[in-house]
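Here is a briefing on one protein chain. Start with the model itself, then read the points below, grouped by topic.

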Amino acid sequence: MALPELGQDKGYLSETIFSSIFISFVLWTFHPFIYHSKRFYTVLIWRRVLAFLVASQFLRIITFYSTQLPGPNYHCREGSKLATLPPPNSVLEVLLINFPRGVLFGCGDLIFSSHMIFTLVFVRTYQKYGSKRFIKFLAWFMAIIQSLLIIASRKHYSVDVVVAWYTVNLVVFFVDNKLPEMPDRTSGLHLLPLSSKEKEGRQKEEKDSKLKDEFHKLLNGNHADPTDRRQRAQMNGRHDEDINHALSEATANGT
C-alpha cells in the first residue's frame, strides 16, 4: 500500500540496479590483477564472500520450503499462462526445475530475497575492505533503493526484503568472526600457497639478502648486534681501568 506498483514495463529498474552492484563488485575484487595498489588477495576475499552466500542461501532454502506464499509477481497471478509450470517429462527436468523457464518465472521461492542476499553481502564486504568512503555510502544507498524497487515491482513481499536485511547482516557478522582475519596485503605477508619454483626463488632472495647484510656489517665493523657492542664496550672500559690501576701501582712502588 505504501509503494504503488511500478508496472510490468518498469520491472527492469530493480534488475538494473542489482546488475550494476553485481558487476561493480566483481570488477573491484579483480582489480589487484590490474592496478599496483593491492590491498587484498582476490582468492581470499572470494572465499569469505562464498562462505557468506552459502550460509545465507542455506537459510533461505529452509524458509521458502517451510512456508509457501502465493507469488506477488505479475506472471504468478490468476489467469497468467506462466502461473503454473508444465509437469516435468524427465528426471533431468525435475533437477533443473524446467530451466531456464522455472528460474525466470518461478513463484514460490520468496522468503527471503536472493537478490538482497547478494547485494548485502557485496556491500558489507566492500564496507570492510574497500577504501573509497563515497562508494561505501553510494553502495548502501543503492541497496536501500533496490529494496524499495523490488517491493514496488511486486517481485517480493516486504517481509522477504525485511527478513533479508537482518538475516544476511547477522550471517555475515557470525561467519566473519569464525573465519581468520584477512591481513592487509600491503604488509608484504605471503598468504597464498607457493609453487616449488616460487619457494626456491624466495629462499634464494632471502639468502642473498642475508649475505648482503653480513657483508655490510663486516665493512662497517658492525658484525655484532648493538647489545653485544655495548657489553664489549663495558668490558673494554673495565679492562682499561684495570690496566691504568696496575700501572699506577707499579709507578708508586718504583718511586
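In which helix is Phe52 found? Phe52 sits in helix H2 (residues 42-66). This is a predicted model: local features need pLDDT of at least 70, side-chain atom pairs count only at pLDDT 80 or more, and totals for chains, interfaces and linings use all residues. Residues are numbered from 1 along each chain as its sequence is written, and side-chain values use heavy atoms, with hydrogens and water left out.

**Overall fold**

- The protein chain has 9 helices and 0 strands. Helices (H or I, at least four residues) and strands (E, at least two) are DSSP runs, numbered from the N terminus.
- Along the sequence the pattern reads α-α-α-α-α-α-α-α-α.
- Of the 255 residues in the protein chain, 30% are buried. Buried means under 20% relative accessible area, exposed over 50%, and partly exposed in between (1.4 Å probe, protein chains only).
- Among contacts in the protein chain with a separation of 6 or more, 76% join residues 24 or more positions apart. Contact means heavy atoms within 4.5 Å.

**UniProt record**

- The unreviewed UniProt entry places the feature "transmembrane region" at residues 12-33, 45-65, 102-122, 134-151 and 157-175. UniProt positions are given in the numbering used here, feature names are shortened, and annotations may be inferred rather than shown by experiment.
- Over residues 12-33 the model is 82% helix and 0% strand, with the end C-alpha atoms 32 Å apart.
- Over residues 45-65 the model is 100% helix and 0% strand, with the end C-alpha atoms 30 Å apart.

**Aromatic pairs**

- The whole structure holds 14 aromatic pairs. Phe25 and Trp28 form one that is tilted, at 5.7 Å centre to centre and 45° between the planes.
- Rings of Phe, Tyr and Trp (its six-membered ring) pair if their centres lie within 6.5 Å; planes under 30 degrees apart count as stacked, over 60 as edge-to-face and the rest as tilted.
- Phe25 and Trp28 are about one helical turn apart because they lie 3 residues apart in helix H1 (residues 12-29). Both Phe25 and Trp28 are buried.
- Ring pairs join Phe18, Phe22, Phe25, Trp28, Trp46, Phe118, Phe122 and Tyr126 into a cluster.

**Second largest pocket**

- The volume of the second largest pocket is about 270 Å³. The elements giving two or more residues to its lining are H1, helix H5 (114-129) and helix H6 (133-152).
- A pocket is an open set of points on a 1 Å grid over the protein atoms alone, where a 1.4 Å probe fits, with protein on both sides within 12 Å along at least five of seven lines; lining residues have an atom within 4 Å of a point. Grid points are joined across faces, edges and corners, and a volume is the space filled by probe spheres set on the points.
- H1 gives the largest share of the lining, 5 residues.
- Residues in the lining include Phe25, Trp28, Phe122 and Tyr126.
- By class, the lining has 10 nonpolar, 2 polar and no charged residues. Ala, Val, Leu, Ile, Met, Phe, Trp, Tyr, Cys and Pro count as nonpolar, Asp, Glu, Lys and Arg as charged, and the others, Gly among them, as polar.

**Individual residues**

- Phe52 counts as buried because its relative accessibility is 5%. Beyond its neighbours within four places in sequence, Phe52 contacts Val121, Thr125, Val171, Val172, Val175 and Asp176.
- Phe52 and Val172 are 120 residues apart along the chain, yet their C-alpha atoms are separated by 5.7 Å.
- Asn169 lies in helix H7. Asn169 has a relative accessible area of 19%, so Asn169 is buried.
- Beyond its neighbours within four places in sequence, Asn169 contacts Leu120, Arg124, Trp140 and Ala164. Asn169 and Val121 are 48 residues apart in sequence and 7.9 Å apart in space, C-alpha to C-alpha.
- Arg154 is in the loop between H6 and helix H7 (158-178). Arg154 has a positive phi of about 60° although it is not a glycine. With a relative accessible area of 17%, Arg154 is buried.
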